[in-house]
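Biologist: Please take a close look at the aromatic rings in this model. I would like to know how they are arranged and what lies around them.

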Amino acid sequence: MLFQLRTYSVIAVLCLCSTLSAQVGQHRSDFAIGATVGWDMNRKNFVPKIKQTYLQSPLIGFVARYICEKYFTCIAGVQAELNYNNLGWKEVIEDGSNNTYSRHLHYIEMPIMMQMGWGREVRGLKFVFMAGPQFGFLIGDKANAGGDGTWDTSKRPQGVTYQYEHDPDNMFDYGIAAGLGVELSTAIGHFILEGRYYYGLGDTYDNSKKGFFSRSANQTIQAKLTYLIDINRTKNCIRK
């Protein structure tokens, strides 16, 4: 089932991109760069299950966007990002030990997003939809374990304690991201407020038969604010 989900998701993204590229509309060659800041809520999809809440943290990054076409009312383009992000999980421990545990995983991420927008290109609002693959590389991690002076793991549900004693097995992360937002275009640049969801397809720990977890992927909810400055704008085209 998981393999089929991965396959269908990749095929859907490729088909959508192919459909957009095959359309003939009003040519654009608009290039903009800028920065993004945001707030993450991340958790791990663990199998066997670990009870947890969202680990919250800020993110920062750089953004480059290329708008290539306006087809009817749809403004199509591609957006690439290079972000620093802190993913991981925060456990909810209910075994009477008063222990606390969180794991911070520091990633450099590169989402490559297809972008479609509907609305005004200049001096106004535009609604945007983004979707595409995301890749990440783990550059460091830190565990925070605490409690009332003791560290007792003997009563953990299902005896799941592997994550306390082992570092991540996989440095590379990948998955699919999608988001909705609104863009305000002004004389000084473009401001984009966006909500995004990332569904990880790669596992942090070894998911082979000899591994403990069969699933340990990221699931992230993001709120982002992006600012873009135009570097190149297509000349002699009608804009609204």
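Predicted model: local features only at pLDDT ≥ 70, side-chain atom pairs only at ≥ 80, totals over all residues.

Modeller: At 65% relative accessibility, F72 is exposed, because the cut-off for that class is over 50%. The ring of F72 pairs with that of Y71: the centres are 4.7 Å apart and the planes stand at 80 degrees. An angle over 60 degrees counts as edge-to-face, so this pair is edge-to-face. Y71 has a relative accessible area of 29%, so Y71 is partly exposed.

A second pair is formed by Y162 and F212, with ring centres 5.4 Å apart and planes at 5 degrees. Planes under 30 degrees apart count as stacked, so Y162 and F212 are a stacked pair. This pair joins distant parts of the chain, since its members are 50 residues apart. Y162 belongs to helix 2 (residues 162-165), while F212 lies in the loop between strand 8 (189-200) and strand 9 (215-232). F212 is partly exposed, with a relative accessibility of 36%.

Y162 and F212 also belong to a cluster linked by ring pairs. In total, the structure holds 15 aromatic pairs.

Charged side chains also sit over rings. Another case is R43, whose charged end sits over the ring of Y54, 5.4 Å from its centre.

Key:
Residues numbered from 1 in each chain as written. Heavy atoms only, no water. Phe/Tyr/Trp six-rings, centres within 6.5 Å; stacked < 30°, edge-to-face > 60°. Buried < 20%, exposed > 50% of the residue type's maximum accessible area, 1.4 Å probe, protein only. Helix = DSSP H or I, 4+ residues; strand = E, 2+ residues; numbered from the N terminus. Lys NZ or Arg CZ within 6 Å of the ring centre and 35° of its normal.
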